[in-house]
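Open the model in your viewer and keep the sequence panel beside it. The stops below say what to select next and what is there.

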Amino acid sequence: MGSKINIKNLNFFYGADQALFDISLKIPERQVMAFIGPSGCGKSTFLRVLNRMNDTIPIAKVSGTVKIDGKDIYAPKTDVVALRRKVGMVFQKSNPFPKTIFENVAYGIRINRMHKDKTDLEERVEKALKDSALWDEVKDRLNTSAFGLSGGQQQRLCIARALAVQPEVILMDEPASALDPIATQKIEELVVELKEHYTIAIVTHNMQQAARVSDRTAFFMLGKLIEVNPTERMFTHPDEKLTEDYITGRFG
Amino acid sequence: MANDIAHNRRKFVSGVMTSLTAACATFVIAILVIILAYIAYRGFSAISWEFLTETPKPVGEGGGIGNAIVGSGIMTVLASLIGLPIGIGAGVYLAEFGDKWFGTTVRFFADTLIGVPSIIVGIFVYTLIVLPMTRQSGFAGSLSLAIIMIPIVARTTEEMIRLVPKSMREGALALGAPQWRVTWNIVLPAAASGIATGAMLAIARISGETAPLLFTALNSRFYNFYVDQPMSSLTVQIYNFATGPFEVEHQMAWAATLILVGLILIINIIVRMFTKKKY
């Protein structure tokens, strides 16, 4: 299985503060890789490196190479807009637009001019909502405000919105941290289903969640990558003492 | 025992301070209520259909403020057409790209401009437009009103846009939306009701301005729909009535004031309805 994302000697700075130290890592295609570690360890920063979302922070600085499908996304000629279409993102707090449910999903399709006509647009929206397991719950109220949905539904709407632009990679930044157990379970089932078609990088605080959904797990601490291994091995025989201490709850 | 004394003292001081601030708050309401009541008392009897529709006539022959209402309306609309797009545009710039030295400069100048007495704006437009055109005009009046509006609208627009959560912008950026589209169809709609409120408040503010119109739009005794001609306005008409020597003119000044205050009140009520509609 080839690696979709290949990161070499990545360093990341907020002004003078270094947030990530010399990270090298490969993310295999069509797998779920989970990123765990204590708060402030740089896992969210790392995730936002992959779709260049940190570009919005003026003092952010990156060194090293990040290659997706063999192309360096920090090369000067990179089209960031095209990159973000290919690398979708789901945020910690659901962030639907102040529009209808339909228009939330249609937004990405429209701005990227992916649809042939109105029927095509409707089909794409329906497919995205079905893929995110939300269709049955919203099909009768597509034209109502997205704010009328529950927290879990809003988060799945955000996933549908990301899927609608047909990305290849999906980054998820603690997508279930604000949700109740039932909504969390739905998101987790969704992640497992989605990896058939997508490469997924998921940041989570919840180690059981990492164990349930991911194929491989990476453990970050204080901006350094401590260990990356197949999830099962990580949670049974980790290579590093630090990983074991964290996973067994000796600190955290 | 000592505790009881301290406790009673605290209760006493607290009671005094509460009453003092309550008195100040009542004073604020009282001023407005007294002004409104007095205007209504003095002005109401002079209001009639004729007063609302006719043009001013020589003293003793009746007449009205119809042309002044129309003139104020035209100049307010024209000023809004000039001032709102520029003000909103500047506000969008300040909020989205205004973190460098240029934004800071613009913000400082806008804040200063808000504090400039409106008569100075009037003199400025007088020099810039009226002198070259050799006559006062509704356009010159509108322009001075627009200049007063722009910094207010720019700053309120900026504030409102800054209230749009960052997560919403990031959501759109993450879908591959270019910056301008994020601003145009995510941030602006999200801030729309707030921006509309700022715009209405600016409109309410300029519809009460007299000083900048004295030099620029002057006044007119007739219905005038051409903005290159001198144009009547409610505020300047009130000024003329009030400075006249006759009691009947003063009466009309009160009536015209009542109309003006009523119109501004209506604008403010519309603003309230706008702001209430938020989720």
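With 25 C-beta neighbours inside 10 Å, does A:A210 count as buried or exposed? A:A210 counts as buried, because it has 25 such neighbours; a residue is buried if 20 or more other C-beta atoms lie within 10 Å of its own, exposed if 12 or fewer, and partly exposed in between, with C-beta atoms placed from the backbone.

Before going on, note that this is a predicted model, in which local features need pLDDT of at least 70, side-chain atom pairs count only at pLDDT 80 or more, and totals for chains, interfaces and linings use all residues. Residues are numbered from 1 along each chain as its sequence is written, while chains are lettered from A and ligands numbered from 1 in the order in which they are written.

**Stop 1: A:A210**

Select A:A210, which is placed in helix α8 of chain A. Helices (H or I, at least four residues) and strands (E, at least two) are DSSP runs, numbered from the N terminus. Leaving out residues up to four places away in sequence, A:A210 touches A:A34, A:I36, A:T204, A:T217 and A:T231. Here two residues are in contact if their C-beta atoms, placed from the backbone, lie within 7 Å.

**Stop 2: helix α7 of chain A**

Next select residues 181-194 of chain A, helix α7. Its 14 residues should span 20 Å at 1.5 Å a residue, and the end C-alpha atoms are 20 Å apart, which agrees. The expected span is 1.5 Å times one less than the number of residues in the helix.

Which residues of α7(A) are buried? They are A:I187, A:L190, A:V191 and A:L194. These residues cover an arc of only 105° around the axis, so they are on the same side of α7(A); the arc is that of the directions from the helix axis to the C-beta atoms. Show the surrounding elements as well: the buried residues of α7(A) pack against β3 (32-36), α6, β7 (169-173), β8 (199-203) and α8 (207-213) of chain A. Turn to the face away from the buried side to find the exposed residues A:P181 and A:I182.

**Stop 3: A:N9**

Move to A:N9, in strand β1 (residues 3-14) of chain A. Most residues other than glycine have a negative phi. Phi of A:N9, however, is near 50°, a positive value. A:N9 is exposed, with 11 other C-beta atoms within 10 Å.

**Stop 4: where chain A meets chain B**

Show both chains. In the contact between them, 22 residues of chain A meet 15 residues of chain B. On the side of chain A that touches chain B, at least two residues each come from α2 (80-86), β6 (87-90), α3 (101-111) and α6 (151-164) of chain A. The largest share, four residues, comes from α2(A). Sorted by class, this side of chain A has 12 nonpolar, six polar and four charged residues. Ala, Val, Leu, Ile, Met, Phe, Trp, Tyr, Cys and Pro count as nonpolar, Asp, Glu, Lys and Arg as charged, and the others, Gly among them, as polar. The model scores ipTM 0.87 and pTM 0.79.

**Stop 5: the two domains of chain B**

Colour chain B by domain: domain 1 is 2-46 and domain 2 is 50-276, with bounds from an automatic or database domain assignment. Their C-alpha centres lie 33 Å apart. Seven residues of domain 1 are in contact with eight residues of domain 2. Those on the domain 1 side divide into five nonpolar, one polar and one charged.

Select B:A46, in the loop between α1 (2-43) and α2 (49-53) of chain B. B:A46 counts as partly exposed, with 17 C-beta neighbours inside 10 Å. Not counting residues up to four places away in sequence, B:A46 touches B:F51, B:Q251, B:M252, B:W254 and B:A255.

**Stop 6**

Select residues 101-115 of chain B, helix α4, which has 15 residues. The number of these that are buried is one, so α4(B) lies largely in the open.

Finish at B:L218, in the loop between α9 (211-216) and α10 (234-243) of chain B. B:L218 is buried, with 20 other C-beta atoms within 10 Å, and its phi is near 60°, a positive value in a residue other than glycine.
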